[in-house]
Amino acid sequence: MIDRHRMDELEAEIGAEDLSFILSVYLDEARAMLDRMGPALDAKGHARAVHFLRSGALNMGLRGIAAAAEGAECGGPADRLGCTDCLRRALSATAEAIRDRQMA
């Protein structure tokens, strides 16, 4: 779900407070992106949204989201809706794991 080594690297580079802020911003932006995604979004827009989610997740070590995004290159509108649901679940699980990490 989370690459703890990558998180530790980021925390050492920028500090715990800044990392927490950056993660919070990413999660908020990812939720907003997922709210815009759905069957009405065309294939090109869907691909851009998935790229945003995946690249941000990879940069921060959020492997669960990155893996879900990698599998989200779907076909038609119904497939894209299923992919969006999968990404939403991955985002929720990742946010919970981040909260758990910050509380530890």
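Residues are termed exposed when their relative accessible area is over 50%, and buried when it is under 20%. These terms are applied here to a predicted model.

The secondary structure of the protein consists of 5 helices and 0 strands. From the N terminus on, the order of elements is α-α-α-α-α. The protein has 104 residues, and 38% of them count as buried. Its exposed surface comes to about 5900 Å². Carbon and sulfur atoms supply 54% of that area. Among contacts with a separation of 6 or more, 68% join residues 24 or more positions apart.

H3 has 18 residues. The distance from its first C-alpha to its last is 26 Å, close to the 26 Å expected at 1.5 Å a residue. Its buried residues are Gly45, His46, Ala49, Val50, Leu53, Gly56, Ala57 and Met60. These residues lie on the same side of H3, because they cover an arc of only 140° around the axis. Lys44, Arg48, His51 and Asn59 are exposed on the other side of H3. An α-helix has 3.6 residues a turn, so residues three or four places apart point the same way. Gly61 follows H3 and has a positive phi, near 80°.

H2 spans residues 16-36 and has 21 residues. It reaches 30 Å from its first C-alpha to its last, close to the 30 Å expected at 1.5 Å a residue. Leu19, Leu23, Tyr26, Leu27, Ala30, Met33 and Leu34 are buried in H2. Their arc around the axis is only 125°, which puts them on the same side of H2. The other side of H2 carries exposed residues: Glu17, Phe21, Asp35 and Arg36. Just after H2, Gly38 takes a positive phi of about 155°.

The largest nonpolar core has 29 residues. Tyr26, Met37, Leu53, Leu62 and Leu87 have the most contacts inside this core. Two or more core residues come from each of helix H1 (4-14), H2, helix H3 (43-60), helix H4 (63-70) and helix H5 (77-103). Tyr26 is one of the buried residues of H2, and Leu53 is one of those of H3. The surroundings of Leu87 were listed without residues up to four places away in sequence. On that basis, Leu87 touches Leu34, Met37, Val50, Leu53, Ile65, Ala68, Ala69 and Ala72. Val50 and Leu53 are among the buried residues of H3.

Asp8 lies in helix H1. Asp8 and Gly61 are 53 residues apart in sequence. Their C-alpha atoms are 9.7 Å apart in space.

Cysteine pairing was also checked. A pair of cysteine sulfur atoms must lie within 2.5 Å to count as a disulfide. By this rule the count is 0 disulfides. Cys86 is in no disulfide, and its nearest cysteine sulfur, that of Cys83, is 7.0 Å away. Cys86 counts as partly exposed, because its relative accessibility is 31%.

Technical notes. Residues are numbered from 1 along each chain as its sequence is written. This is a predicted model: local features need pLDDT of at least 70, side-chain atom pairs count only at pLDDT 80 or more; totals for chains, interfaces and linings use all residues. Side-chain values use heavy atoms; hydrogens and water are left out. Buried means under 20% relative accessible area, exposed over 50%, partly exposed in between (1.4 Å probe, protein chains only). Helices (H or I, at least four residues) and strands (E, at least two) are DSSP runs, numbered from the N terminus. Contact means heavy atoms within 4.5 Å. Accessible areas come from the Shrake-Rupley method with a 1.4 Å probe; for residues, only the protein chains shown count as cover. The expected span of a helix is 1.5 Å times one less than its number of residues. The arc is that of the directions from the helix axis to the C-beta atoms. A nonpolar core is a set of buried Ala, Val, Leu, Ile, Met, Phe, Trp, Tyr and Cys residues joined through side-chain atoms within 4.5 Å.
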